[in-house]
Amino acid sequence: MESLEAELDHARALSVAELADAIESIGFECTRCGACCKAAEPVDGDGDREPHTATVFPDEIRRLRASEEARDREYDWRDVARPMPYGLAETDDGDHAGETFEWAIQTDDCGDCTFYTESDDGTGACTVHDDRPLVCRTYPFSVGGSGGDGLGTTEPMGGVVDRAGAVRAHECEGLGRDIPREDAEELAAALKERAVRELEEAIGVRDNYRPTDADGVVVHDSEGQKRPDGTPLDETI
């Protein structure tokens, strides 16, 4: 297995033109169905919907808080992001405890992205579209390793249904539609940026990780240890 630094070198060397070629060959046009912004329905049709889960970087959280939508509503950190639930355990009082290593976009009571809205005819829209995180900008694509280099961005919701070069396409009704070259290049540039940022974040988490026995939930990100409200964990705890 290659080091994170070696993977980062591979990510920085990705060709935007080649990624755009792959995206163009697969094809994509957003239909605004909202499936990538909403809680996932249970596979067997029974049980609770799985809340929308999308990784967001610390600086993206701050940008979302500074967006016009968030300013109008005076959002704080918790209105925008929540600790990634993986690795957390539910306590007897219904709360959560444990350590996690990412932030996820906050969800509403239905489990949908808090920034998702839908018109009466079912057309979806993002209220912070211009400031949306990279994972949203690049959906339904991710980067997969080729030639054994081990490079790969985290996979968004939906299984892989198509591949071209280093690009993986995930379940989405907009796949297979013609995409203008300019749009493919814009998407490819964002996909490369996301690959680089994910690895930079992973390296930062590794380098800044400090064991803690603090109560409640602790999020380890590239900036250190934080409470669910985004404030730094007191190092004296």
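What follows is a briefing on salt bridges and the helices they link.

The structure is a predicted model. Across the whole of it, a search finds 13 salt bridges.

**Helix 1 to helix 7**
- Arg12 and Glu200 are joined through their side chains by a salt bridge, with an N to O distance of 3.1 Å.
- Because Arg12 sits in helix 1 (residues 4-12) and Glu200 in helix 7 (residues 181-208), this pair ties together parts that are 188 residues apart in sequence.
- Arg12 is partly exposed at 45% relative accessibility, and Glu200 is partly exposed at 32%.

**Helix 2 to helix 7**
- A salt bridge also connects the side chains of Glu24 and Arg181, at 2.7 Å from N to O.
- Glu24 belongs to helix 2 (residues 16-26) and Arg181 to helix 7, so the contact ties together parts 157 residues apart in sequence.
- Glu24 has a relative accessible area of 34% and is partly exposed; Arg181 is partly exposed as well, at 27%.

**Helix 3 to helix 7**
- In the salt bridge between Asp59 and Arg197, the closest N and O atoms are 2.6 Å apart.
- Asp59 lies in helix 3 (residues 58-66) and Arg197 in helix 7, so parts 138 residues apart in sequence are tied together.
- Asp59 is partly exposed, with a relative accessible area of 31%, whereas Arg197 counts as buried at 18% relative accessibility.

- Asp21, Glu24, Arg181 and Glu185 form one network, joined by salt bridges that share partners.

How values were computed: Residues numbered from 1 in each chain as written. Predicted model: local features only at pLDDT ≥ 70, side-chain atom pairs only at ≥ 80, totals over all residues. Heavy atoms only, no water. Salt bridge = Lys/Arg side-chain N within 4 Å of Asp/Glu carboxyl O. Helix = DSSP H or I, 4+ residues; strand = E, 2+ residues; numbered from the N terminus. Buried < 20%, exposed > 50% of the residue type's maximum accessible area, 1.4 Å probe, protein only.
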